[in-house]
Amino acid sequence: MAITHKQGSDAAHGHDDHGHGVGDAHDHGPTGFISKYIFSFDHKVIGIQYLLLAIGMSFIGVGLSFWFRTQLAWPGHDVMTPEQYVSFVTMHGTIMIFFVVSAALSSGLGNLAIPLQIGARDMAFPLLNMLSFWTILPAALIMIASFFVEGGASGGGWTVYPPLSALRNTLPGAKWGTTLWLLAMALFIVSFTMGGLNYTATILNLRARGMSLMRMPLTIWCWLIATLLGLLGFPALTAAAIMLLLDRHGGTSFFLPSGLIVSGEPMANVGGTPLLFQHLFWFLGHPEVYVLVLPAIGVAFDVIATFARRPPQAYRYSVYSLLVIALLGMVVWGHHMFVSGMNPYLGKYFSISTLLITAPFAILGVNLVGSLWKARIRFTTPMLFALGLVSAVGTGGIGGLFLATSTADLHFHDTYFVVGHFHLMIGVVTLTGTFAGIYYWFPKMFGRMMNETLGKIHFWTTIIGTFAVFTIQHFQGLGGLTRRYYEYSAQVMMPAASLNPMVTMFAFLAGAGQLVFFVNFFWSALRGPKAGENPWDATTLEWTTPSPPGHGNWPGALPVVTGDPYGYATGPDGNGFRMQNAKD
Amino acid sequence: MPRRNSGSASALLLASFLLIFTAATVGAMIYKKCYLPPVMSHHGIGVDKMIMYIIFAAGFIFVVGHLVLSKFIVTYSGTGGESYKPMSHRAELFFTFGPVILMVAVSEIGVLVIGAPVWHEVYTQQPDDLVIEITAKQYEWTARYPGKDGKFGLRDIKQYDETENVLALDKHDKTGKDDIVSRGLLVLPAGKGVWFNIRSWDVLHSFNIPVFRTKQDAVPGIFTHTRVVPTTVGTAEIACAQICSAGHYRMKAKVLIKSPEDFAKWLSEQTGQFE
């Protein structure tokens, strides 16, 4: 049932060469409700399923943050216990990273857009694609279930550093919560791996005839590189998770040294080291940042090109930069461990190598801004989000300079500077990218347009709220405010801690904006104005088929690519555009 | 179809927002003197220099980047105007490798010229340093001074006692007799180098003293190290910086920095745990 032959070369056969369920030989899609919408093989349906999962999980992830932000802003009112606090920050991080951002952006939009943008009937392995979704769903359910077991959900931070996470008597959630956390993550990794293999196989093998690598939209490049990084990084986390499970339940001591005394009780473990886990964790953990951020940047490049009405600045160098980011991204994980007890010389190496990454990122930043030069900008909602992304990626990026410098990290490590920085990058950049993508590709999901007025309200509340929250958190980090504290009493931190009520108010504002999006999304899916084939005058292949595309994506023959993905600013007045499959 | 709607209004609004955001960030940093807490250690001054260097370098990029972005948003919001022509290859190369050279030079020169000597200072023990051992456990800091003989006694995990012998010092080891154990209080001499041997009994903790710009994880199974030269007499606090379970937020200890004379006096008044 998988498409195993090169589709581009068979384009002339048109409709007959797309994937079907086992034993299907006819050339129209499934008709039953369950095979069409629940256990669907269709990448578009699976993409929407991922988006719905992300929207559902975001209510839990964001809800938790509102809860503990209330505690931080107005401590002393018994809003929650310290045990709940550590547990909630842990679960907020885990849910937002893996089940909201990754699910919406990497899996949701990726599934939706990749086959459409490269001119394929579906993913290379549609069954695997379906299984990928039906594996992340139980992972999400197990993650939620961990709130309700004895001792509650895991409370060791989303980084689950041992010994805290390896010992079953050290913290709330230590009894079963962390075990469920590890099982859920294992399922997530299985799901990501199935999805990732599918992306790689699809992008490398199923591109439409004429679409050479250097004619791929930048989104596709970003998804491809992000996926490869994930596939290379996740095995290290898988190994770490298995070892941690064994330490917890199998009596091993991979991460537990001898001489431990926990709550007055000497432990029998010998021979392990907690630092090993940190190396394994960040070997994935750092590339994971790019797994999340690069697709958002890719979406921004595409959206900006469409609404700036000109091709992105220096396409080639953006591609090369992405490749350099991928290479360097694999060898800089130690910058998360400057004060971990790792050899100080290694710290120096990781500092120098990490700062080299500013080079390719500087190119991407300049190219994003440069793509507006001599443009004719149309300020639609997706464009606003993409422009917000440009600002966020710049601000977040230069925050990275502070943290990548080991000497400065002596002050910033484990403070709110880190919290503000990574929220800007893997929170604001990813979500502005996701929203830009959702508003942009909504016609290809539901055949309708989203409401622009609600979209703009959503944009402004999101951008004002999140920029304020995370910029102020940088200030708090400069003031030495440590993260993961239930409340603050150290004298030196009090000026920074006094900013907490303001941060929480802005967080509420940003959160309220998401309700507007929620309403807009579902209302527009049912009642929005019908969209034509190419409502934005865009040039890439997904805009050459009806909205929404039917099963198999193109009613007739597959498109044949004849040019670059961004044929904007053509014609005598520069207002024309050329589709990527135009026959001229 | 939504297009070309209120182009210039949106452009002005967005550009204004970006400029206000930039100005507010820069203004707050200047008004609050970059929010940095007071600094009371020699290497801390170096850390602050490093931070200030990045603030100026990164701040410059932040401001210029946002000015250009805002300018482009306003200038190129129309539907007519100058029509797009691809950049010349030479210009493209300039705008690609210019930023690369700038960013790499700015960041690597900073880390090598300003940062490296400070990093070296923090991680290099000097011969005449006072050595203090720091032991962390949920949720307490304990300092141990070697006593008159200048040597730390051995440990025997079987002799651990929550109230009587929290460091599990070996009663039978003579070198440990005069070791001074100070729970929840760290006393330091101003102007003298102190080399810390840091360890933990149970989970990860982090030896964090913000006014010193000192932060070093305490890792069970190994010793980690850091060096401080306190510059002024005064008080400070250790505040754990690595999540160590629900009581993480209250894992604190007092730090007293005394003049060398007062410190010597304090030390002579202490008695060893088994004396």
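## Cavities and cores: worked exercises

Start with this: the lining of the largest cavity has 7 nonpolar and 9 polar residues, and no charged ones. Keep in mind that you're looking at a predicted model.

**Exercise 1. Find out how many cavities there are, and what volume the largest one has.**

Solution.
- Step 1: count the cavities of 30 Å³ or more, and you get 4.
- Step 2: take the largest of them, and its volume comes to about 130 Å³.

**Exercise 2. Work out which residues and helices line the largest cavity.**

Solution.
- Step 1: list the lining, which has 16 residues.
- Step 2: look for those nearest the centre, and you'll find A:Ser106, A:Ser107, A:Phe192, A:Gly195 and A:Tyr199.
- Step 3: turn to the helices of chain A. At least two lining residues each come from H3 (82-118), H4 (126-145), H5 (177-205), H6 (218-249) and H7 (274-308).
- Step 4: pick the top contributor. That's H5(A), with 5 residues.

**Exercise 3. Explore the largest nonpolar core and the contacts of A:Leu478.**

Solution.
- Step 1: the core holds 271 residues, and the members touching the most others are A:Leu372, A:Leu478, B:Ile132, B:Leu186 and B:Phe196.
- Step 2: check the domains of chain B. Domain 1 (7-77 + 88-123) and domain 2 (130-269) each give this core at least three residues.
- Step 3: zoom in on A:Leu478, skipping neighbours within four places in sequence. Its contacts include A:His411, A:Phe412 and A:Phe417 in chain A, and in chain B they include B:Met29, B:Cys34, B:Tyr35 and B:Ile55.

Definitions and conventions: Residues are numbered from 1 along each chain as its sequence is written. Chains are lettered from A and ligands numbered from 1 in the order in which they are written. This is a predicted model: local features need pLDDT of at least 70, side-chain atom pairs count only at pLDDT 80 or more; totals for chains, interfaces and linings use all residues. Side-chain values use heavy atoms; hydrogens and water are left out. On a 1 Å grid over the protein atoms alone, a cavity is a set of points where a 1.4 Å probe fits but cannot get out, and a pocket is an open set with protein on both sides within 12 Å along at least five of seven lines; lining residues have an atom within 4 Å of a point. Grid points are joined across faces, edges and corners, and a volume is the space filled by probe spheres set on the points. Helices (H or I, at least four residues) and strands (E, at least two) are DSSP runs, numbered from the N terminus. Ala, Val, Leu, Ile, Met, Phe, Trp, Tyr, Cys and Pro count as nonpolar, Asp, Glu, Lys and Arg as charged, and the others, Gly among them, as polar. A nonpolar core is a set of buried Ala, Val, Leu, Ile, Met, Phe, Trp, Tyr and Cys residues joined through side-chain atoms within 4.5 Å. Buried means under 20% relative accessible area, exposed over 50%, partly exposed in between (1.4 Å probe, protein chains only). Domain bounds come from an automatic or database domain assignment. Contact means heavy atoms within 4.5 Å.
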